[in-house]
There are 2 protein chains.
Amino acid sequence: MILKGACILGQSGGPTSVINSSAAGVFLEALKQENITEVYAGAHGIKGILEENFYDIRKEDVKELELLKNTPSSMIGSVRYKLKPLEKDPTDYQRLLEVFKKYNIRYFFYNGGNDSMDTCNKISKFFKSSGYDCICIGVPKTIDNDLFGTDHCPGYASAAKYVATSLMELYHDATVYDTKMVTIVEVMGRNAGWLTAAASLATYKGQGPDLIYLPEIDFDIKKFTEDIKAVIAKKGKCIAVVSEGIKDKNGKYIPEAVMELKKDSFGHAQLGGTASVLASKVQDELGCKVRAIEFSLLQRCAAHLASKVDVEEAFQAGVEAVKAACRGETDKMVVFERAPGKEYKCVYKLQPLELAANTEKTLPLEWINEERTGMKQEFIDYLLPLIQGDCKAPLEDGLPRFAKMKKVFVAKK
Amino acid sequence: MILKGACILGQSGGPTSVINSSAAGVFLEALKQENITEVYAGAHGIKGILEENFYDIRKEDVKELELLKNTPSSMIGSVRYKLKPLEKDPTDYQRLLEVFKKYNIRYFFYNGGNDSMDTCNKISKFFKSSGYDCICIGVPKTIDNDLFGTDHCPGYASAAKYVATSLMELYHDATVYDTKMVTIVEVMGRNAGWLTAAASLATYKGQGPDLIYLPEIDFDIKKFTEDIKAVIAKKGKCIAVVSEGIKDKNGKYIPEAVMELKKDSFGHAQLGGTASVLASKVQDELGCKVRAIEFSLLQRCAAHLASKVDVEEAFQAGVEAVKAACRGETDKMVVFERAPGKEYKCVYKLQPLELAANTEKTLPLEWINEERTGMKQEFIDYLLPLIQGDCKAPLEDGLPRFAKMKKVFVAKK
C-alpha cells in the first residue's frame, strides 16, 4: 500500500557537520515525491512534533536547501529527549498519534544516533500497534560512528578529517621550539574510540601524535606518564591524544579518578576536562611545559573541513530514506555497505530499526596496536576512503555562506 | 655599496599559519640574487645562529619551498630568546659577529613580532658600531597584529579568518537546542585585542557572538554576568568571546582575579584558562549550561583556513625584504600600507627597525562600540579585505600535503 500524506523530519542528538546535508536530502527528495503532500520539519526534533511546531519546507528556497549541504549543525534544531517506554507512560505516544492524525502525517523520518533510532523504533512500533499507517525510517548520524549495522555513520568522516588535519597542523606548531614540550589533545567519544582513533591518520602521514588512548582500553595514569616520559627522552616532544571517554580500571572517568588521587590540591571538577586534568598531572611529574587542548564542539561543527565523501553520503542517506519510504518500506534505518573491490564505493541498504536502537558498534580491538597507543594499518585502510575530497560552503566576504532558512511555521490546527 | 656574501633567515616568537610563507619568500628570492652566495636558515632563530646550526637552503627542492607557503608554523624552528642589552652583556653580540664573519654572512633577515624586531634592531646597531658590514632587515609576523607602523601584520588575517569562521560554525552548534545555553570562547592576544575583535566579523554576518570583551577595556566580572543574563533573557542563548588578556581594573588577569574572589572553592589555577574560569563563575550564577571553548594553538596554525591575501602578502613580505636588502637598504622592517581607493591594495614599504622594536600598536578605542562589547563598522571595513580568498596546501590522502624539508646542516667551520 502506498500512503498519501505529509512527511515530517526530526533531528535529535548532538549535531554534526553534515546532519543538515541529510536534511537537505530528505527535503529535496520529498519535494519531488507525488505521494508526499506536505514537507514538514519538526523544530527541535520530537519535542517540536509533540508541540506542533513544524516548519513548512515548501516555503523555503530550493537554493537555500541546497546550501544546507554545507551548513553545520541542525538548522531545524535538535533535541535530547528520550521517550519513556510505552508501558510506563503512554502520554507522548498518544499525543504523537493525535498530532500525526491531525496533520495526516504518513511519513516520519528521524535523523540521529542510537537514542534517536530508539525513539524512531518506539514510535514505529506504537503506530503499528495502534493501527495508524505511518512509514517510519531512521536516517543515521553520529560523529561517534557507533551505530550498529552500518559500515560507518554520516558525520563521522568529517569529524575524523577535522581531527586528523588539526593534529597535523598542531604537530607543526607543537614542535616549533627546541624545548621539551608535551601536548595533550582531547577528542570526543564517550564510549567508542572511533573518532579518537582518527588521530592515527596524522601519525600515518608522519605528522601526528606519538600516543593515542582509547576508551576501549583501561586507562592507567602511571603507564600514561611513563609512555610520555619515554617519548620525551627520545624526541624532546610528545603529542598524546586522549578520548574524553577514557576510564581507569574501576570504570571511573579520569577527571574523577585523578581528583580522588589528589583531593587536597584540586577544587572544582568542572574546570578540568580529561586533557587538562592529565596535563596538570604530567606537568607535576615531568616539570616541562605541558599544554592541554580540547577540540570541543569544533570537531563536530567544522563544516569548512568536511569530507566530500561524507557530505555526499549524508545527503544520499536522506534521499534513500525518502525513496525507500515511497516504495513502502517502513520500520527501517538506512545503512551503508562498502562494496567489495579496491575502489571505495558506498552501497545504501536498509536494516530493521531495532538493531541500531539497541546495539552499539565498538572499535574492533584487533585494529589497535600491541602497545595500545595507536592504530594498525587496517584502521587506516578503513578510514582513508571516507575522508576524501573537500566540500564546503561558498565564500561570501571571505566567510562561509551558510543556508538561510525562512522557518515558516505551519499554522496550528 | 652592494655586499656579496651569504644570507641567513631566522624566525622567532609564536608561529602563525603563514610564517613559512614569508620564509618561502625570503628563500626563493634570495636564491635568485647574484650577490647572495649562500642561503642559510638558522635552526630555531637566533639560537641556531649562535650555535652555528644552519640549514643549507640550496639543498632543498624548490617544489618543497613552494609548499612552505601553505605549511603552518615554522619549518626551520622558532625560539623565544631575548638578547640582553649590549652594555649589560656583550657575549651574544660578540659571538654573532664571530659567526657572521666566519661564514661571511652579509644579509640578516629576522622574521617575527615586537621582540624579534628588537633583536634584529640590536644586532643591526651592534654590527654598525662594530664596523661589520651586514644588511639587517626585519620581516613582520604576528597573529596579534600589534606591530607599529604597518597597516596590518602577516599572520593576523589568517588567524582572524579562523576565529570568525569557527565562531560562525559554533553559532550554529551552540544554538541547536531550545534550552538555555551560554558559550564562552577564549581568543589569544595577551595585550592587544585585534584578534578577539575579529570575532565581530561573525556577528556582522549574523552568526556570531553577542558579546566581545577586549583587553583594552577593564573587565568587570559583575557587568559580564549581567550582560550575559540580559542576552539569555532575550534570546535564551548567549555566545561571549573573551580575550585571554582581559584584566580587572587592578590589572589582574581573570583566572587570578576570580581565584581571589573564590579562594575556598578553587584549587589549581593552571587548570583554568580565562574562559573556563568565567564559565564556572557564570554557571554558578545562572544555573544553566555554560561551556568554555579555547581556540588555543589552533587559531595560529590552522593553515587549512588561511586567508589568500595573507598567504600572498606574507610571501611578498619575504620577497620585498630580500629585494630591499639587495638594493642596499638596511636597518629596516618591511611594512604594509593600504593604498587609497575603494579596492584593497597592499603597498610594501620600509621603516626603521627601532620603530617596531619599541612601540606597540593597539586597537583604536574609537572602533569599539558604546557598550564596549563589540566592534563598529570601521573595524569590519578594516578587516574584511584582509581575509579574502582561500589558499591551502594540496590534498594527499584527503589530508594536507605540507612541505617536507631535507634540513641539511651546513658543515661547521
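**Chains A and B: the interface, then some helices**

Okay, let's start at the interface of chain A and chain B, where the rule finds 33 residue pairs in polar contact, both residues at pLDDT 80 or more. Polar contact here is a pair of N or O atoms within 3.5 Å; within protein, one has to be able to donate a hydrogen and the other to accept it, and residues adjacent in sequence count only if both atoms are side-chain atoms.

On the side of chain A that touches chain B, helix 6 of chain A gives the largest share, 10 residues. By class, that side has 29 nonpolar, 24 polar and 16 charged residues.

Quick housekeeping: this is a predicted model, so local features need pLDDT of at least 70 and side-chain atom pairs count only at pLDDT 80 or more, while totals for chains, interfaces and linings use all residues. Residues are numbered from 1 along each chain as its sequence is written, chains are lettered from A and ligands numbered from 1 in the order written, and side-chain values use heavy atoms, with hydrogens and water left out.

Back to the interface. The contact (heavy atoms within 4.5 Å) takes 69 residues from chain A and 71 from chain B. Together the two chains bury about 5,800 Å², 58% of it on carbon and sulfur atoms; that's accessible area, 1.4 Å probe, lost on being put together and summed over both.

Now, how many salt bridges are there between chain A and chain B? The count is 10, taking a side-chain nitrogen of Lys or Arg within 4 Å of a carboxyl oxygen of Asp or Glu. B:Arg300 and A:Asp173 meet in a salt bridge at 2.7 Å, N to O. Over all chains, the count comes to 68.

Within chain A, A:Glu98 forms a salt bridge with A:Arg95, closest N and O atoms 3.1 Å apart. Both sit in helix 4 (residues 91–102) of chain A, 3 residues apart, about one turn of the helix. Helices are DSSP runs of H or I, at least four residues, numbered from the N terminus.

How values were computed. Helices (H or I, at least four residues) and strands (E, at least two) are DSSP runs, numbered from the N terminus. Ala, Val, Leu, Ile, Met, Phe, Trp, Tyr, Cys and Pro count as nonpolar, Asp, Glu, Lys and Arg as charged, and the others, Gly among them, as polar.
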